[in-house]
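Subject: A structure for you to look at

Hello,

Here is the structure I promised to pass on. Please open it and keep it beside you as you read.

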Amino acid sequence: QVQLVESGGGLVEPGGSLRLSCAASGFTFSSNTMSWHRQAPGKQRELVASITGYGYTNYADSVKGRFTISRDNAKNTVYLQMNSLKPEDTAVYYCRRTVGNYWGQGTQVTISS
């Protein structure tokens with residue numbers, strides 16, 4: 001069955017960096033569009049970034065120039081490199097496979113001094 005397991009979250013000071021990972025299994029990873037979403041307390045879940053099987057990427061305006069989505073098809077893993085983090089980036093970050101709308105369990109990212 002499809003499994004998506006996120007890791008890499010944590011507590012970071014403003015201006016810091018984190019790299020999230022999402023390990024996928026149970027499907028042909030290389031041909032699937034994958035995405036990262038986030039949900040802050042009291043807010044709706046929002047798309048952060050997506051990457052197609054061909055490597056085409058798309059970003060929310062709020063993270064352009066700071067976040068980078070990438071994938072390693074040999075490792076069945078999608079990454080989210082987050083730089084210049086701001087307190088407003090605080091949220092639970094989720095990995096998603098677009099086809100079939102599969103979600104991981106989420107990983108908490110907290111930006112605070």
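Below is what was found in it, from the whole chain down to single residues.

**Ground rules**

This is a predicted model, so local features need pLDDT of at least 70 and side-chain atom pairs count only at pLDDT 80 or more, while totals for chains, interfaces and linings use all residues. Residues are numbered from 1 along each chain as its sequence is written, and side-chain values use heavy atoms, with hydrogens and water left out.

**The whole chain**

The chain has 11 strands and zero helices. Both kinds of element are DSSP runs, numbered from the N terminus: helices are H or I with at least four residues, strands are E with at least two.

The radius of gyration is 13 Å, which agrees with the value near 13 Å for a compact globule of 113 residues. That radius is taken over C-alpha atoms, and the globule rule is 2.2 Å times the number of residues to the power 0.38. Along the principal axes, the C-alpha atoms fill a box of roughly 40 × 25 × 20 Å.

Of the 113 residues, 43% are buried. Buried means under 20% relative accessible area, exposed means over 50%, and partly exposed lies in between (1.4 Å probe, protein chains only). The accessible surface is about 5900 Å², and carbon and sulfur atoms hold 46% of it. These areas come from the Shrake-Rupley method with a 1.4 Å probe; for residues, only the protein chains shown count as cover.

Now contacts, meaning heavy atoms within 4.5 Å. Take those between residues at least 6 apart in sequence: 53% of them join residues at least 24 apart.

There are 11 positive and 7 negative side chains. Lys and Arg count as positive, Asp and Glu as negative; His and the chain ends are not counted. The centres of the two sets lie 6 Å apart. Each charge is placed at NZ of Lys, CZ of Arg, CG of Asp or CD of Glu.

Two strands pair if DSSP finds at least two bridges between them. Strand β4 (residues 34–39) pairs with β5 in the antiparallel sense, over five bridges. S35 stands opposite S50 in β5. Six residues sit between the strands of this hairpin, and G42 takes a positive phi near 80° there.

β5 (residues 46–51) holds S50. S50 has a relative accessible area of 15%, so it is buried. Apart from neighbours within four places in sequence, S50 is in contact with M34, S35, Y56, T57, N58 and I69.

β5 also runs antiparallel to strand β6 (residues 57–59), joined by three bridges. A49 stands opposite Y59 in β6. The hairpin of β5 and β6 has five residues between the strands, and G55 takes a positive phi near 95°.

Side chains alternate along strand β7 (residues 67–72). F67, I69 and R71 point to one face and are buried.

β7 pairs with strand β8 (residues 77–82) over six antiparallel bridges. The bridge partner of F67 in β8 is M82.

Most residues other than glycine have a negative phi. N76 is partly exposed, at 27% relative accessibility.

Where else does a residue other than glycine have a phi near 55°? N101 does. N101 is in the loop between β9 (91–97) and β10 (102–103). Its relative accessible area is 42%, so N101 is partly exposed.

R19 lies in strand β3 (residues 18–25). It is partly exposed, at 47%. Beyond residues up to four places away, R19 touches S7, G8, Y79, L80 and Q81.

Is D89 buried or exposed? With a relative accessible area of 1%, D89 is buried. D89 is in the loop between β8 and β9. Its contacts, leaving aside neighbours within four places in sequence, are R38, R66, F67, S84, V109 and I111.

T90 is in the loop between β8 and β9. Its contacts, with the neighbours within four places left out, are A40, Q108, V109, T110 and I111. T90 and R19 are 71 residues apart along the chain, and their C-alpha atoms are separated by 14 Å.

Best wishes
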